[in-house]
Amino acid sequence: MIRILKQGANEQETADADRRVRQTVEGILDDVARNGDTAVRDLSLRFDKWDRPSFRLTQAEIDALIATLPAQVIEDIAFAQAQIRRFAQAQRATMLDLEVETLPGVRLGHRHIPVASVGCYVPGGRYPMVASAHMSIVTAKVAGVKRIIACTPPIGGEIPIATIAAMSMAGADEIYVLGGIQAVAAMAIGTKTIAPVDMLVGPGNAFVAEAKRQLYGRVGIDLFAGPTETLIIADDSADAEMCATDLLGQAEHGPTSPAILLTTSARIADEIEAEIAQQLTRLATADVAGAAWRDHGQIILCDTEQEMLQEADRIASEHVQILTRNPRWFLENLSNYGALFLGKQTNVAYGDKVIGTNHTLPTKKAARYTGGLWVGKFLKTCTFQEVDDEASAMIGEYCSRLCAIENFAGHQAQADLRVRRYGGRNST
């Protein structure tokens with residue numbers, strides 16, 4: 001039996017908030033489309049109190065900023081990027097071009113072609129998301145994208161130096177200190193000073209996510225993103241301290257971030273609220289994490305692992321941690337998740353920051369039909385075909401009859417021309 005001991009937010013409240021965000025974003029995108037750089041500058045002043053003669057940093061400015069950072073920061077960024085690059089390269093190696101003769105004289109295939117230009121958004125605000133530079137720029141670079149531009153907002157009227165270093169070290173071709181909807185709009189729509197891109201990637205707040213959603217089609221995007229989500233699956237071999245620590249570790253992303261404990265242990269279900277309350281007394285981000293747990297936290301108690309599997313697939317969480325005796329059982333059986341963290345030795349923070357897998361992942365149940373950002377997202381798999389004379393005539397006869405069934409006369413004419421020109425049993 002599945003028992004929900006603590007329920008999350010009201011769905012209608014969430015829908016109302018989404019509607020308000022949608023309306024705001026529509027107006028701002030229209031402003032940028034109509035007024036270009038002027039709108040971008042006005043919006044930057046309005047939302048970030050930020051203005052410069054040029055939002056784009058010169059190489060000299062980038063170098064000077066990086067020179068102010070401690071050597072340990074540079075080393076740590078380089079280490080994280082090396083792990084992400086290594087895994088992305090291994091992923092790319094699995095994606096092989098294909099050419100095969102499916103019938104005598106019929107050659108079909110595909111090529112993996114990199115997207116020409118990508119805009120990477122790296123969030124700022126309360127948290128300067130240095131790691132997001134690695135996840136998007138490094139991965140796009142491994143895929144072979146020729147032009148990569150990156151935007152990040154100022155923080156408190158200052159340039160986030162570590163983020164700029166990460167962007168530069170990852171290989172961004174253009175770096176802009178520009179945030180929010182206006183940055184996403186400038187990259188996708190283009191202005192006189194910023195050439196538009198073909199694809200947008202990277203996380204952001206609700207307004208950035210909505211801007212990407214509305215721009216989809218005009219450009220490609222990585223994902224339709226929502227607030228960070230985490231799900232912990234625990235049996236009685238786990239403990240409340242680790243469960244609480246890992247729940248709050250993701251709840252701190254924002255006050256609307258769902259954090260869910262799914263367990264077969266009545267002991268952990270009973271202890272978790274008190275443990276979370278105790279940890280919140282010393283957590284520096286307790287104001288955010290506490291609000292997220294209060295409004296969007298859930299505790300679900302199940303009788304069996306099979307019930308936990310069923311619930312986890314229904315929830316389809318962005319991050320899923322497995323704190324059980326046999327975590328690989330869930331790897332073998334779970335279908336709907338953004339990223340899976342197996343065993344007590346790993347955690348979502350490793351995936352978010354350094355271990356090598358990508359942290360841009362599906363939310364809002366999108367894990368039912370897609371995975372997260374990876375090197376393949378930056379590649380277009382494009383097919384081709386080539387046939388010789390005899391094969392063209394043979395295929396043409398089949399094609400002609402199939403076109404006639406569908407009343408496509410023009411299609412049929414294309415096939416019939418090849419049958420007549422290249423031979424075939426019924427050629428005239």
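Leaving out residues up to four places away in sequence, His253 touches Tyr127, Met129, Thr228, Val288 and Asp352, where contact means heavy atoms within 4.5 Å. This is a predicted model, in which local features need pLDDT of at least 70 and side-chain atom pairs count only at pLDDT 80 or more, while totals for chains, interfaces and linings use all residues. Residues are numbered from 1 along each chain as its sequence is written, and side-chain values use heavy atoms, with hydrogens and water left out.

His253 sits in the loop between helix 8 (240-251) and strand 10 (259-263); helices (H or I, at least four residues) and strands (E, at least two) are DSSP runs, numbered from the N terminus. With a relative accessible area of 28%, His253 is partly exposed. On this scale, buried means under 20% relative accessible area, exposed over 50%, and partly exposed in between (1.4 Å probe, protein chains only).

His253 also turns up in the UniProt record, an unreviewed entry that places the feature "binding site" at Gln250, His253, Asp352 and His411. The record's positions are given in the numbering used here, feature names are shortened, and annotations may be inferred rather than shown by experiment. On a 1 Å grid over the protein atoms alone, a cavity is a set of points where a 1.4 Å probe fits but cannot get out, and a pocket is an open set with protein on both sides within 12 Å along at least five of seven lines; lining residues have an atom within 4 Å of a point.

Asp352 belongs to helix 13 and, at a relative accessible area of 6%, is buried. Beyond four places in sequence, Asp352 touches Ala131, Met135, Gln250, His253, His319 and His359. The side chains of Asp352 and Gln250 are joined by a polar contact of 3.2 Å. Such a contact is a pair of N or O atoms within 3.5 Å; within protein, one must be able to donate a hydrogen and the other to accept it, and residues adjacent in sequence count only if both atoms are side-chain atoms.

Back in the loop between helix 8 and strand 10 there is also Ser257, which is buried at 2% relative accessible area. Apart from neighbours within four places in sequence, Ser257 is in contact with Pro227, Thr228, Gln250, Ala251, Ala292 and His296. A polar atom of the Ser257 side chain lies 3.3 Å from the backbone oxygen of Thr228.

As for open spaces, the second largest pocket has a volume of about 350 Å³. For that figure, grid points are joined across faces, edges and corners, and a volume is the space filled by probe spheres set on the points. Of the 20 residues lining this pocket, Phe87, Ala339, Gly356, Thr357 and Asn358 lie nearest its centre. Helix 3 (71-93) and strand 13 (339-342) each supply at least two lining residues. The lining divides into 12 nonpolar, eight polar and no charged residues (Ala, Val, Leu, Ile, Met, Phe, Trp, Tyr, Cys and Pro count as nonpolar, Asp, Glu, Lys and Arg as charged, and the others, Gly among them, as polar).

Helix 6 (residues 180-189) is largely enclosed by the rest of the structure, because nine of its 10 residues are buried.
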